[in-house]
Amino acid sequence: MQEIYKNSKYTIWLYNISAREYMIINKYLPTEHFDVVDIGNDSSRFNELKDFHILQKPDIVICDIDSLIDNKIINILYESHCSLAKVSTKKQQVNLDNTFELTNEKVEEVKKGKQITTTKTEKSMKQIIDMCQLSNIMKLQILTNLGAKNIYKSMDIEADLNSGKSVNYISKKYLFKLAQTLNDFISLKDNYTRGHCERVANYAEALGHALGMNEEELENLILAANLHDIGKIALPDAVITKTDKLNDLEFNLMKKHVELGATLLPANQLGYLKDAVRAHHEKYDGSGYPDGLKGEQIPLLAQILAIADSFDAMTSQRSYNRVKSAEEAFEDLKRHTKPYGDGDGLGVFYNPKLVDKFIDVISNSKTTMDNLREAKRQADLNINYKKEQDGQKQKRDKQLVKGDANNG
Ligand SMILES: [Fe+2]
Ligand SMILES: [Fe+2]
């Protein structure tokens, strides 16, 4: 498996942090993945920095309790949707002084809104960073405002923490629930998306399995598949519900869903999900978007999603387009593993080795092939029915015009 953080770079602001704490934080947050900005203890710099573009705003801010008591700073942090701001606005404050070890009980107290104090040991600093990462996911609450808060409540995160579950485990559980909620919401507007994400997850899982991924890698892949189109939630309804071909402006907006989706995802050790969502429309020859990544620059999860995504788009019904059979879709994928002009090549969109594996695994799954045949049969019936209806309507319209002419 390739390096998971590959294309992520997250921003962490340190406010009023000592040199020793700075060293510890840097140890846990490797600089190739995180921009650690030490802003000293000058609160006016927050104002200066907060006007930056949203992507440059901090994903996490680490500061001491005295800084959090300053309301001005709390508001600025809150506006930036960053981690500690969420914690502080709920009066859940972590004080980095030399009094206590940060235990699970203490974490529980923080979650309940109590102020606590903790030591500056490496372990407690690590736990604070974990907590920041966990609450960072909650920025989705502010950005989407879709009942994510209730999901958070219903998950009983405190119970999970107390029973020793890792932040990684809790974050994934939360994201799964969130993906379901967001996909439900998008599918209220666009019926295709919900079923689409489930099918993409199934295809991706089958390919991941064939590639020998372990259980955790498969879990990540399925989660990424469920999240891959969540950025659509931020697009105008007119664009996501349009069944005709999108014009240039609409298409450019639609393309934004990858960046928007990535922006919604947390910048923590699950950063590979952010990368996969951002890169799922990259193409193997570098002609994709948003970053024009090429070949193995594209995270493996995104390479897999791209194949599963296109295969589903070709074989399932969206509006009244003609649905391709599995065999026709395999053929199309194959043609997109060869450069344009090379025989029947249409440009190298996908990793050729992955396409071969994908075709092999899907064509050998009787259940999947049966489902695909049935979906195509249904889609063809729908198209014929629609044609028939359109024909009858045209006939009626003609008769009406004729009647009007005779009456006139
Ligand atoms: Fe997409
Ligand atoms: Fe998609």
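Modeller: Let's call two residues in contact if their C-beta atoms, placed from the backbone, lie within 7 Å. Helices here are DSSP runs of H or I of at least four residues, strands are runs of E of at least two, and both are numbered from the N terminus. By that contact rule, A326, F330, L333 and K334 in α19 meet V355, I359, I362 and S363 in α20.

Bear in mind that this is a predicted model: local features need pLDDT of at least 70, side-chain atom pairs count only at pLDDT 80 or more, and totals for chains, interfaces and linings use all residues. Residues are numbered from 1 along each chain as its sequence is written, while chains are lettered from A and ligands numbered from 1 in the order in which they are written.

Now the geometry. Helix α19 covers residues 326-335, and its axis sits 10 Å from that of α20, at an angle of about 170° (axes are lines fitted to C-alpha atoms, for helices over the stretch in contact, and angles run from 0 to 180 degrees between N-to-C directions). So α19 is roughly antiparallel to α20; angles under 35 degrees count as roughly parallel, over 145 as roughly antiparallel, 65 to 115 as roughly perpendicular and the rest as oblique.

Helix α20 itself has 12 residues, 352-363, and should span 16 Å at 1.5 Å a residue; its end C-alpha atoms are 16 Å apart, so the two agree. (The expected span is 1.5 Å times one less than the number of residues.) Within α20, L354, V355, F358, I359 and I362 are buried, meaning 20 or more other C-beta atoms lie within 10 Å of a residue's own; 12 or fewer is exposed, in between is partly exposed, and C-beta atoms are placed from the backbone. Those five cover an arc of only 135° around the axis, so they are on the same side of α20; the arc is that of the directions from the helix axis to the C-beta atoms.

For a bit of context, L300 belongs to helix α18, residues 300-315. L300 is buried too, with 23 other C-beta atoms within 10 Å. Its C-alpha atom is 9.5 Å from that of L221, 79 residues away along the chain.
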